[in-house]
Amino acid sequence: THTFKELGVPSPDAKIIRGFMGPPLESSFATCLPKEQISEAVQIYRSYYKEKGIHEAQLFPQIVVLLKELSSKYPLYITTTKNTPTAQDMTKNLGIHHFFEGIYGSSPEAPHKADVIRQALQTHNLDPDRVVIIGDTKYDMIGAQETGIKTLAVTWGFGEEEELMSYQPDWVAHQSTDLLSHLQKKN
């Protein structure tokens, strides 16, 4: 909303803005701005996010407990379409960075979720058959399908449940406590 205000253009409704969660910013802004404003919009957004937005983010209930338990049993990685420095800053600000063995974000060389996932798989020499993405948007599901990894869709995040289900995830968690039981079944 801040970005649209700064650009002096009407802000899309909340449902459209919620859909910005997941894809690269350039793609999201391209859905509602002329091509010549996209770069400026990304710059405005990232500047605000770095200064203020990063401190407005909050964890879902019980996530720290869940991350502690998961990280004691499995190596954890973040793959996000946020850029890497932003993702690293955010996890440090939220006090959860130490749970992850790697944090991977998008870049000009890896703009899409599948590119970011491939980067993590290659860097850590991970077998795609032994990897599960825990995701809340269709972009997580698409990225997993494109890289051959399993999907565990969570329905309490930014994505719409009906849309997530259209990608036929391997497992579905309706609450954080479901995650561990699904992963234990996979073993």
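Modeller: What follows is a walk through the salt bridges, then the sheet beside them, and finally a few residues elsewhere in the chain. This is a predicted model, in which local features need pLDDT of at least 70 and side-chain atom pairs count only at pLDDT 80 or more, while totals for chains, interfaces and linings use all residues. Residues are numbered from 1 along each chain as its sequence is written, and side-chain values use heavy atoms, with hydrogens and water left out.

The structure holds 3 salt bridges, a salt bridge being a side-chain nitrogen of Lys or Arg within 4 Å of a carboxyl oxygen of Asp or Glu. One of them joins the side chains of Lys 113 and Asp 140, with 2.7 Å from N to O. Because Lys 113 lies in helix H7 (residues 113-123) and Asp 140 in helix H8 (residues 138-147), this pair ties together parts that are 27 residues apart in sequence. The helices (H or I, at least four residues) and the strands (E, at least two) are DSSP runs, numbered from the N terminus.

Not counting residues up to four places away in sequence, Lys 113 touches Thr 79, Thr 80, Thr 81, Ile 133, Tyr 139, Asp 140 and Gly 143, where contact means heavy atoms within 4.5 Å.

Another salt bridge is formed by the side chains of Asp 115 and Arg 118, at 3.4 Å from N to O. These two residues are 3 residues apart in helix H7, so about one helical turn separates them. Asp 115 is partly exposed, with a relative accessible area of 24%, and Arg 118 is likewise partly exposed, at 33%.

In a further salt bridge, the side chains of Lys 138 and Glu 163 meet at 3.8 Å, N to O. This pair links distant parts of the chain, since Lys 138 is in helix H8 and Glu 163 is in helix H9 (residues 161-165), 25 residues apart. Lys 138 has a relative accessible area of 22% and is partly exposed, and Glu 163, at 34%, is partly exposed as well.

An open sheet of 3 strands has the order E3-E4-E5, with parallel pairing, and two strands are said to pair if DSSP finds at least two bridges between them. Its edge strands are E3 (132-135) and E5 (171-173), each of which pairs on one side only. On average, neighbouring strands of this sheet are turned by 20° against each other, direction ignored. Strand E3 and strand E4 (residues 150-154) pair in the parallel sense over 4 bridges, and Lys 150 in E4 is the bridge partner of Val 132. Helix H8 packs on the sheet and touches E3 and E4, its direction making about 175° with that of E4; for such angles, axes are lines fitted to C-alpha atoms, for helices over the stretch in contact, and angles run from 0 to 180 degrees between N-to-C directions.

Thr 86 lies in helix H6 (residues 84-94) and counts as buried at 19% relative accessibility. Leaving aside neighbours within four places in sequence, Thr 86 is in contact with Tyr 49 and Ile 54.

Most residues other than glycine have a negative phi. Gln 62, although not a glycine, has a positive phi of about 70°; Gln 62 lies in the loop between helix H4 (35-56) and helix H5 (63-73), where Gln 62 counts as exposed at 53% relative accessibility. Gln 168 also has a positive phi, of about 50°, without being a glycine. Gln 168 is found in the loop between H9 and E5 and is exposed, with a relative accessible area of 67%.

Technical notes: Buried < 20%, exposed > 50% of the residue type's maximum accessible area, 1.4 Å probe, protein only.
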